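Me: I have a structure to go through with you. Could you take my questions one at a time?

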Amino acid sequence: MKNKFVYKLFFFLLIAYGLYWSAVEFIFLAHLDPAGLRSKIKSEYIQAQIPKDEVDYLILGDSSAFYSINPMKMGSNSYSAAELGATVALSKKMFQELGIKKINKGVIMIQTFIDPHYDEDIWRIFVPQKIMNLSDILSTFCNDFDNHCTWIKKATLTVKYLKYRLHLNSYIAATISYGLTTQSRIDRAGFERHVRSNVQANRGHSAAKRSFVLEDKGFYTPYLKYFNQPVNPPDSELVALRELAELVKAYGVELYLIHPQLYRAESFIRLEKYNESYRSFLHKKGNLNFHYIDLNEFNVVLDRSHYRDVSHLNEDGSTRITNDLLYVLETKYRRGK
Amino acid sequence: MIGSSADSLVLILLGFLLFLYLKPSRRFNVILALSVAYAYLLNGKWSCLIIGLVFFNYYTSNLLKNRFLALNILALINILIWGLFKTKVAGVLFPLGFSIFIFQQLSYLLNKNLSRAESFSDYLGYSIFFGNIATGPLFDYSEFTEQFRKRIYLNSESLYLGLIIFMFGFAKKVIFADSFSQVTIHLFELGRNFNGNLLFPFLLNKYEIYLNFLAFSEMAIGVSLIFGFRLKVNFNRPFATTSILEFWRRWHITLVDWIRKYVFYPLLVSPVSKVGPSVLLLVIFLIFSLWHDFSLNHILYGVIQFILVFADSRFGARFSVSDAGVWKRGLIFIKWIFFYVVLVSIPGLIFRSNDLSNVGRILSNLVTVDWSTSWDVFKFSQYSGWGILSFILINELIESKLDLRKLALFVRDSKIIVKMGLLFVYLLIIFYFGVWDDLRNFVYSIY
């Protein structure tokens, strides 16, 4: 009698879990998750629209690159493959998968290395949306400078990956809640159209219209905390960066890593720790095999009207910074090429 | 804390299936396994230290038998270890739920009338019981052994009641407490994105602390009951009074009882009692405050509570309003406003602030910044001021009117389709109204 109840309960839980998993997989993540939708559109664009035979400049990196560099201002054959929240390992994988035959001028990358790229973005978006698989996870977190990964670390990451693929994690609650509540607040079809057309029209770049308003709810705070503290990415990111630089060199061009353009005018934004740790991270393994450019050293000054928020530029900002970057590249780094 | 991570919920669910499957005589093993696994989930490698301390206390206390002076020294060692972590001398983070754990160790070591644990597994189960670890409510070893005898039987009533108490606790956390924290966060992170008058964060601060404590206590009570263990109620509508004395009878009941039983009464019958009960009361409040944190703020909080309780016990009766006519009700309401704003909210602010200058800054904001800006704080939260107010009313209604036992029996006796319907509605409510984006955990267990 007792065992019968246990079996009944077990099968009930199994069916309930099946329903839950299907609802999350086929309703919430597939249709009702705006963050996932945006990443999917961008991935589709990168795979289908970027020419495989020849490009001038290719832009890689995270959201900072996605918003800050406008390939439309870099000639008629430059494209942005930057992804929101992308790690270097993911960018490197994407670069390899793109399989472009010829790169004429170079690869530009902006990478902020902030914490959520190694936590929330991966587990909340990339894994459930199947943009990153287990081997991507292992290459992002596991390899040290000797390309070594202990089995304990591998096992831990595998369990964590499964937890997020099976939707047994706390982030899913936010996705379900967001999916339920945004239906009445957001025009989803309009949102999808907007993201798709924006990415299409700007060759993979997103031109943000709005400007930074200090008082706006949550406009800078979510990012602010990450720039007031040192960066602490896994060492494997530096390994991936150096490997990417080698891959780019094979095309006879260079990889240019641009220091993120961050808003710094207000007194409570203190970037010293961030900037210092950023540079020391890059130099952790001796000399760089890529060009590292801090545009602030070239007196490129932006004000609040150029920003969408603390770490992302708007349309005016990206036009300005792209022009300045192009000038620096052509006059200082690529002169005579 | 149970409910604060998906891992813990999955673990409990699987554990419960196994628990049901096993014979009553073997069920305690599941309790033990869950407790160890949960301790590891909470504190990782530090769980080894906790289990090591359990081992040390168990064998040493067995060796010492009833030599109470020696047991007191052993208790003192436990307090010193706790103090090492609390003052961060050890240079590591305070293990989650370590204070609750130490309280339970002390109640075992300091209880003169207690027969010692028969086996290490019994004592381990008591020390790190997954139901209350990190959040309380506290219980004695005798309560544990009385309820978890050799065989553990379950009944459907306590199963459903436990489930319902847990579900209510969980909903209170994700809907009520977390939406409050979106407002109160501006108290301690002024300039975050709100620079107006802090009246509402100030007023909601103590209620948010209460909601968090209440929610975690209810989740602990609920999940323990599912496994057949009854924990004591920890909060009994502490704001439904106008007396600070009464408030302390309703607030964190098991902790206040613990301090009374293991600190106040022993001091009262010791030579120390010559200093007088008032000084002892001050000591009690200082212990209560310093348990939370070693800081000037907490010392001040303890002193203020002592003064308020002392004054209430001496002069409170003069201001009592007993009859309930229209005028008297008005008077009671004014008294309640005074009680909540002056006697509860200002000390509550001191309790939660990092330093005293912060308290001064917030209090000066309340009087210097234009009051018309106070409502703007709700622009930064998921709910408007009216929404938050309705949450308070709903919570008070649930607390005062809803008979959870009747509800549990109703659900138990309903048809499966009704049960499923209720579960679906519950899930819809918590996902729709809950605050999930921030995944903010109120760090109850740092205390």
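This is a predicted model: local features need pLDDT of at least 70, side-chain atom pairs count only at pLDDT 80 or more; totals for chains, interfaces and linings use all residues.

Me: How many bridges join β4(A) to β5(A)?

Reply: There are three bridges between β4(A) and β5(A), and the two strands run parallel.

Me: And what order do the strands of the open sheet have?

Reply: The five strands follow the order β2-β1-β3-β4-β5 in chain A, with parallel pairing. At the edges stand β2 (79-80) and β5 (291-293) of chain A, and because each has a single partner strand, one side of each is left without a neighbour in the sheet.

Me: Which elements of chain A have the lowest and the highest mean pLDDT?

Reply: Helix α10 (residues 221-227) of chain A has the lowest, at 73, whereas strand β4 (residues 255-258) has the highest, at 95. Chain A as a whole averages 85, with 93% of the residues scoring at least 70.

Me: Switching to helices, which residues of α2(A) are buried?

Reply: They are A:Gly36, A:Arg38, A:Ser39, A:Lys42, A:Tyr45 and A:Ile46.

Me: Now the largest nonpolar core: which residues touch the most other members?

Reply: Among its 94 residues, those are B:Ile128, B:Ile133, B:Phe180 and B:Leu211. Helix α9 (residues 199-226) of chain B gives the most to this core, with 16 residues. A second, separate core has 67 residues, including A:Ile59 and A:Trp123.

Me: What is B:Ile133 in contact with, leaving aside its neighbours within four places in sequence?

Reply: Its contacts include B:Tyr38, B:Leu42, B:Phe101 and B:Ile128.

Technical notes:
Residues are numbered from 1 along each chain as its sequence is written. Chains are lettered from A and ligands numbered from 1 in the order in which they are written. A nonpolar core is a set of buried Ala, Val, Leu, Ile, Met, Phe, Trp, Tyr and Cys residues joined through C-beta atoms within 7 Å. A residue is buried if 20 or more other C-beta atoms lie within 10 Å of its own, exposed if 12 or fewer, and partly exposed in between; C-beta atoms are placed from the backbone. Helices (H or I, at least four residues) and strands (E, at least two) are DSSP runs, numbered from the N terminus. Two residues are in contact if their C-beta atoms, placed from the backbone, lie within 7 Å. pLDDT is the predictor's confidence in each residue, from 0 to 100. Two strands pair if DSSP finds at least two bridges between them.
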